[in-house]
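Reader: I have a model to look through with you. Can we start with the charged side chains and then move to the packing?

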Amino acid sequence: MNENIKRDWYILDCDKLIVGRVSTLIATILMGKYKTKFSKEKDTGDFIILLNVDKIIFTGNKNSDKKYWKHSGYIGSINYRTPNYYRSKNLCKNIMINSVNGMLPKNKNRKRMINRLKCYNGSVHPHSCQNPIVFDYKNFLFK
């Protein structure tokens with residue numbers, strides 16, 4: 001790992017934002033694609049804190065129709081979960097982590113990138129010492 005990489009902390013309030021649109025921006029930040037020193041083989045991304053993840057929305061009927069699956073490897077052991085299940089169990093961060101994880105590159109840096117994503121259901125987070133910058137997602141890619 002390179003010690004010369006400066007990693008910033010961003011904070012984003014996900015209240016009434018669409019999952020897919022936010023996930024693409026988060027993946028861009030975690031990869032560091034907007035930086036001038038971006039390289040595919042190097043991990044140059046930043047940290048991001050997501051607040052109010054429980055208030056994020058899907059378009060259409062995806063709350064009931066979309067299925068997340070996991071498989072243990074045994075025959076007939078596929079388990080399906082819907083976003084409504086995760087919301088009822090208060091595990092909305094799994095929805096965002098799964099969405100962003102699918103948008104990250106499939107290489108050895110993927111786990112490091114997803115570990116820099118911090119999700120919280122409320123508006124309180126324990127990362128105030130890092131002095132996070134409020135993320136302006138509307139003007140981020142159009143600077």
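Author: Start with K6, which counts as exposed because its relative accessibility is 60%. Buried means under 20% relative accessible area, exposed over 50%, and partly exposed in between, with a 1.4 Å probe and protein chains only. This is a predicted model, in which local features need pLDDT of at least 70 and side-chain atom pairs count only at pLDDT 80 or more, while totals for chains, interfaces and linings use all residues. Residues are numbered from 1 along each chain as its sequence is written, and side-chain values use heavy atoms, with hydrogens and water left out.

Reader: Fine. What does K6 form a salt bridge with?

Author: With D8, the closest N and O atoms being 2.5 Å apart. A salt bridge here is a side-chain nitrogen of Lys or Arg within 4 Å of a carboxyl oxygen of Asp or Glu.

Reader: How many salt bridges in the whole structure?

Author: The search finds three. Another one joins the side chains of D46 and K35, at 2.8 Å from N to O. D46 and K35 both sit in the loop between α1 and β2, 11 residues apart. Helices (H or I, at least four residues) and strands (E, at least two) are DSSP runs numbered from the N terminus.

Reader: Is D46 buried or exposed?

Author: D46 counts as buried because its relative accessibility is 0%. K35, at 22%, counts as partly exposed.

Reader: And which side chain does D43 meet?

Author: R116, in a salt bridge of 2.8 Å, N to O. That pair links distant parts of the chain, with D43 in the loop between α1 and β2 and R116 in the loop between α5 and β5, 73 residues apart. Both D43 and R116 are buried.

Reader: Switching to the sheet. What is the strand order?

Author: β5-β2-β1-β6, an open sheet of four strands with parallel pairing. β5 and β6 (133–134) are at the edges with a single partner strand each, so one side of each has no neighbour in the sheet. β2 and β5 pair over three bridges; strands pair if DSSP finds at least two bridges between them.

Reader: What lies across it?

Author: α1 lies across β1, β2 and β5, at about 155 degrees to β2. α4 lies across β2 and β5, at about 155 degrees to β5. Axes are lines fitted to C-alpha atoms, for helices over the stretch in contact, and angles run from 0 to 180 degrees between N-to-C directions.

Reader: Which residues touch the most other members of the largest nonpolar core?

Author: I26, I48, L50, M96 and L117, out of 30 residues. α1 gives the most to this core, with eight residues. A nonpolar core is a set of buried Ala, Val, Leu, Ile, Met, Phe, Trp, Tyr and Cys residues joined through side-chain atoms within 4.5 Å. A second, separate core of five residues includes W9, F47, I49 and L51.

Reader: How do Y68 and Y86 sit?

Author: Edge-to-face, because their planes are at 65 degrees, with centres 5.7 Å apart. Ring pairs link Y68, Y85 and Y86 into a cluster.

Definitions and conventions
Contact means heavy atoms within 4.5 Å. Rings of Phe, Tyr and Trp (its six-membered ring) pair if their centres lie within 6.5 Å; planes under 30 degrees apart count as stacked, over 60 as edge-to-face and the rest as tilted.
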